[in-house]
2 protein chains.
Amino acid sequence: MTALNTDIFKTIDAERRGTTSEEVVSQLREMIHRGELRPGDRLPPERDLAKMLGVSRPTLRAGIRSLAAVGVLQSRQGAGTFVVKSDGPPALDSSPLRLMASLHGFTSAEMFEARQSLEMAVAGLAAERATGDQMATMSEEITGMFTSLDDPEQFLVHDMRFHQTVAAASGNRILTSLMNMVATILFDVRSKTVKRARDLKESAEMHRHIYRAIREHDPEAARAAMREHLVRAQRAQEQEAAEDAARDGANGNGR
Amino acid sequence: MTALNTDIFKTIDAERRGTTSEEVVSQLREMIHRGELRPGDRLPPERDLAKMLGVSRPTLRAGIRSLAAVGVLQSRQGAGTFVVKSDGPPALDSSPLRLMASLHGFTSAEMFEARQSLEMAVAGLAAERATGDQMATMSEEITGMFTSLDDPEQFLVHDMRFHQTVAAASGNRILTSLMNMVATILFDVRSKTVKRARDLKESAEMHRHIYRAIREHDPEAARAAMREHLVRAQRAQEQEAAEDAARDGANGNGR
DNA sequence: CTCTTACAATTGGTCTGACCTCTAGGGTCA
DNA sequence: TGACCCTAGAGGTCAGACCAATTGTAAGAG
């Protein structure tokens, strides 16, 4: 029993030559590792590839399906199967996290806290490394926020883009991906309540504080400003959600 | 084109009633969301479930396959398909991140930095919230490290468990999962070079510093101690890797 | 000559039905 | 009562066919 704690470190990895379709996944992974398949590449047609690997088409499809589920491959009917080519930062699919949240009953507060930790980390790094271009983009998004104070949905777009830019400025694509994973889920919730958003001006000001700290290359200030911003954002979102719940309860019209 | 930046926020979600198998994934997800399927539950046999959902067995299998790939379901030949039951903290599969790393050429340094940010965050939270039990476990693992200074592989086990305990003590399962995702990958690399590990005593001492800070409920000190520990760990690991490379180069025996 | 349109080959998506392999639980025999 | 074996049922794989979407090309109109 003492070894059980290390179980989560097990990998689905290569040498688990269990089922045939797992073998296919391994083969494809190896091809990617070896660089034979690069982002944007198109895989051979399923019928050919199946013959190459010596498996049947359904089995090959099962393997492709697995890799597609984790966001590595993407199939388009009539066109082919492609290695995912991400223009911007590499994106990890957030649905696994979403499922896990349902399965284990994660609270919104827990999700917010995770986001806060990640955003503070990237803000700190961004303060150390942001380039002029990136800071210019941040500034533009803040301007966008101020010009859409009366359009919450538009405001939210600028909000998101600002945070993305900060993440990009951190120079760490892994943290950026993880942050997006979490932020995506919170965004989905947010977009349902955002119509009732208030205090957008305050929010815009908070973003300016973050921006200034990054501009001054002051990591600690950037972290602090980001923390403050997210604490308030959480409070605001919870309030919006509560109002929605109250209204639905009064009208008796769920969903 | 201006809307392109928001693309990563798109979800594979529900309403994308595109292909039939995606529909199946949605259906299964809904069942989980609604709580009809709980961790540890067994799904109906594929043939029955396919009939229920009104799809063919291959299509259903494709959906199951997708969910299995992200770690939500698990199929065992002859037994059935089960909703994953995690004993400890919920685990996110690290293979997507691993693939992404290969695909985009993530450096080991970037990975280390991400881990450092995450570990610092959880250490800070752990300092605020660790229970007596958790601190006792940490202490025991440190003892374990000191008693296995001459057995690097055993030392590594205690090392991992210590970090897991800290993560658990953070009380945030999301951060814990993300941290494990990253740590798993670094661990795989590490386990290949660990035989040559030195300075284990210093490493054990560093863990003690972290432990003390957590015991004193001093988040800043915990963060600082964790940072210091990981910086040194990275340096050590890079050195081990370099030695391995040099040795392989001298002997001319790759792999 | 260029642009548009329609066709046809290519490719992934789905289905039917069959067979194999492994697991689990029950029945049998010592 | 216990250990062993056997069978029903589960997922895994295969084969072949057809459907649907895409794409490139070739024919026709301007």
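Modeller: The structure holds 27 salt bridges over all chains. Keep in mind that this is a predicted model. Side chains of opposite charge can pair when their charged atoms come close.

Start within chain A. A:Arg61 pairs with A:Glu46, and their closest N and O atoms are 2.9 Å apart. A:Arg61 is partly exposed, at 42% relative accessibility. A:Glu46 has a relative accessible area of 14%. Buried means under 20%, so A:Glu46 counts as buried. Chain A also has a network of salt bridges that links A:Glu30, A:Arg34 and A:Glu36.

Now cross between the chains. A:Arg129 forms a salt bridge with B:Glu113, with 2.3 Å between the closest N and O atoms. The pair runs from helix α5 (residues 108-129) of chain A to helix α5 (residues 108-129) of chain B. A:Arg129 is partly exposed at 36% relative accessibility, while B:Glu113 is buried at 17%.

Stay in helix α5 of chain B. B:Arg115 and B:Glu119 both lie there, four residues apart, about one turn of the helix. They form a salt bridge, the closest N and O atoms being 3.0 Å apart. Both B:Arg115 and B:Glu119 are buried.

Last, the setting of the pair that crosses. A rotation of 180° with 0.0 Å of shift along its axis superposes chain B on chain A, with an RMSD of 0.1 Å. The two copies are therefore related as by a two-fold rotation axis. Of the interface residues of chain B, 100% are also interface residues in chain A, so the copies meet through the same surface.

Technical notes: Residues are numbered from 1 along each chain as its sequence is written. Chains are lettered from A and ligands numbered from 1 in the order in which they are written. This is a predicted model: local features need pLDDT of at least 70, side-chain atom pairs count only at pLDDT 80 or more; totals for chains, interfaces and linings use all residues. Side-chain values use heavy atoms; hydrogens and water are left out. Copies are superposed by least squares on the C-alpha atoms of residues with pLDDT of at least 70 in both. Contact means heavy atoms within 4.5 Å. A salt bridge is a side-chain nitrogen of Lys or Arg within 4 Å of a carboxyl oxygen of Asp or Glu. Buried means under 20% relative accessible area, exposed over 50%, partly exposed in between (1.4 Å probe, protein chains only). Helices (H or I, at least four residues) and strands (E, at least two) are DSSP runs, numbered from the N terminus.
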